[in-house]
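Please look through the sequence and the structure shown here before reading on. The briefing is meant for someone meeting them for the first time.

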Amino acid sequence: MSHAGLPRYEETPLYRIRHSASHVMAQAVMEMFPGQARIAIGPPIEDGFYYDFQLPRSLTPEDLEVIERRMREIIAGDEPFERQALSAEQARKLFADQPFKQELIAGLERGGQDEHGNQTDEKPEISIYQNGPFVDLCRGPHVERTGQINPDAIKLMSIAGAYWRGDEKNPMLQRIYGTAWNTADELEQYLWRMEEAKKRDHRKLGRELEIFTFDDEVGPGLPLWLPKGGVLIEELERLGKQMEAKAGYQRVRTPHLTKEDLFIRSGHLPYYAESMYPPMELEGERYYVKPMNCPMHHKIYAAKPRSYRDLPLRLAEYGTCYRFEKSGELFGLMRVRSLQMNDAHIYVPEDQFESEFMAVIGLYHEYFKIFGIDRYVMRLSTHGTQGLGKKYVDNERLWLKTEDMVRRAMVNGNVPFVEVADEAAFYGPKVDVQIWSATGREFTLATNQVDFAQPASFNLTFVNREGQEEMPLVIHRAPLSTHERLIGFLIEHYAGAFPVWLAPVQAMLIPIADRHIAYARQVAETLRGLELRVEIDERGERMNAKIRDAQLQKIPYMLVVGDKEIEQGAVALRLRSGENPGPMALEAFVRRAQDDLAARA
Ligand SMILES: [Zn+2]
Ligand SMILES: [Zn+2]
């Protein structure tokens, strides 16, 4: 089932509601500063809207309450929104005391710009929308009357500084962000998601749970993985390797550096040069740190003659790549400069493509199940005829053919997907996988790409059943993404409370008093022998404080030991959820832990 054509946001009722709410907000602000407020622009945005103002003083959070209250009165007034087209001359007169609007009118008159100062191909008609006394330069769309905005589903969120037209040479304006929904319930859910997102921010939790850090002297975008992050990486790699071994992948290893020629052949140079670190020159050769593993895997394919019996050949590597991202675009673990990728390249004859592609999709589904991801969508990006020979390899026949193969595979496999034209990779159609975390936050996790261009540039061939040379297709895939992105996602998805198999510390032993430490150490040794990750809290704190700290560290099992436990060779189990299964024989706890581990539950 393909979910073709989700409605564009601009065409939804929520967009009109939010756009209208931004007018109502501007109206309230202008009343607050009669004759003194200069208004700039106020578009709807994802989840809400904003408006930029130049005001005689700085706004405070108390102002937001006053503005919000006034907005509700305007909504109760049920004022109609009325549109009127007018000439540039009339518009200039109407907004005589609004210098920002004057600039926008000039832009509209010249063409190439809309009323928000954005680029546009058309030369828009100049129009205004009026509700009550408030008039804005605007082409809509709006709701019909202010009363169609639900007064219980709006909220002003924050005040921020914003330069006029985003240019720091321009005056700094005050921006008010607001949100608007259909129902009070939707608003409440949104606020909950925002609150959760703040609590779950992987940069904050990553620091608190000692998973990773950045250091100025190492450099921005180059994460240092602390021991607990090291455990997460080891466990994810173990999972990836197990699944790939089962699916017939073979593991390879390739260097971090290669000569320039390889990336010229692969087509990364010069097109991809901006995302690569600059070359180093040694003995008259130029070397690059690799931004991708593909070219080296192709060389491994080409290292010996291949026959149809070798295919599909699946070469896997947790390869570390380096990509140059501008400092301003770095973001926690989500945008980094060094990345460890769950990479593999599958070399496959055309007639086995569909089953192989579906096997990759099947792998995704197994991972989704393990991580409890129940909301996802795959986006198939295809070529655009206009871009052939420029953005895209100039071979329309192969484009259409491979796109059709992917489409058929997804339809036959009942994979929900949307199709987007003109967003493919240079060398073939791609499938982006978007997933949603437990709190409904969206992430682009990984990409599958079909490649018919690189096999040609690398002269990759195999001898088919008929004894003739044929070119394989290549599937690039990385279902577990990079460690950086995936762990960033998982921290937020689990709110740091990793399932037992991933938890950096699985059990914390809590001796009640000093005389119980020796027994706790003995238990710890037994558990470590069974490859459980265990620590002992030997501090002189009270038991409840130790339990609270272990809970804050989101450790799945807490094992309390005191006189009774020593006597019975037992441990008293508590879970981070607050559940309290109580005393049990050590063997019983071990069985429980091993079951949880085996199920990756
Ligand atoms: Zn407007
Ligand atoms: Zn690749």
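The points below are grouped by topic, after a short note on conventions.

This is a predicted model, in which local features need pLDDT of at least 70 and side-chain atom pairs count only at pLDDT 80 or more, while totals for chains, interfaces and linings use all residues. Residues are numbered from 1 along each chain as its sequence is written, chains are lettered from A and ligands numbered from 1 in the order in which they are written, and side-chain values use heavy atoms, with hydrogens and water left out.

**Zinc site**

- The zinc ion (ligand 1) is coordinated at 2.0 to 2.4 Å by His-19 (NE2), His-23 (NE2) and Cys-138 (SG), where donors are N, O and S atoms within 2.8 Å of the metal (3.2 Å for Na, K and Ca), and the site may look incomplete because water is not among the atoms.
- Along the chain, the donors of this zinc ion follow the spacing H-x3-H-x114-C.
- Distant parts of the chain are linked in this way, since His-23 belongs to helix α1 (residues 13-32) and Cys-138, 115 residues apart from it, to the loop between β6 (134-137) and β7 (154-163); helices (H or I, at least four residues) and strands (E, at least two) are DSSP runs, numbered from the N terminus.
- Both His-23 and Cys-138 are buried, a term for under 20% relative accessible area, with exposed meaning over 50% and partly exposed in between (1.4 Å probe, protein chains only).

**Nonpolar cores**

- The largest nonpolar core has 66 residues, of which Phe-371, Met-378 and Met-410 touch the most other members; such a core is a set of buried Ala, Val, Leu, Ile, Met, Phe, Trp, Tyr and Cys residues joined through side-chain atoms within 4.5 Å.
- Helix α10 (residues 353-371) gives this core its largest share, nine residues.
- A second, separate core of 30 residues includes Ala-28, Phe-49, Ile-67 and Phe-81.

**Helices α10 and α11**

- The axes of α10 and helix α11 (residues 396-412) come within 9 Å and cross at roughly 55 degrees, the axes being lines fitted to C-alpha atoms, for helices over the stretch in contact, with angles running from 0 to 180 degrees between N-to-C directions.
- Residues of α10, including Phe-357 and Ile-361, meet residues of α11, among them Met-405 and Met-410, with contact meaning heavy atoms within 4.5 Å.

**Two glutamates**

- Glu-46, in the loop between β2 (44-45) and β3 (48-54), is exposed because its relative accessible area is 67%.
- Glu-492, in helix α13 (residues 483-494), counts as buried because its relative accessibility is 4%.
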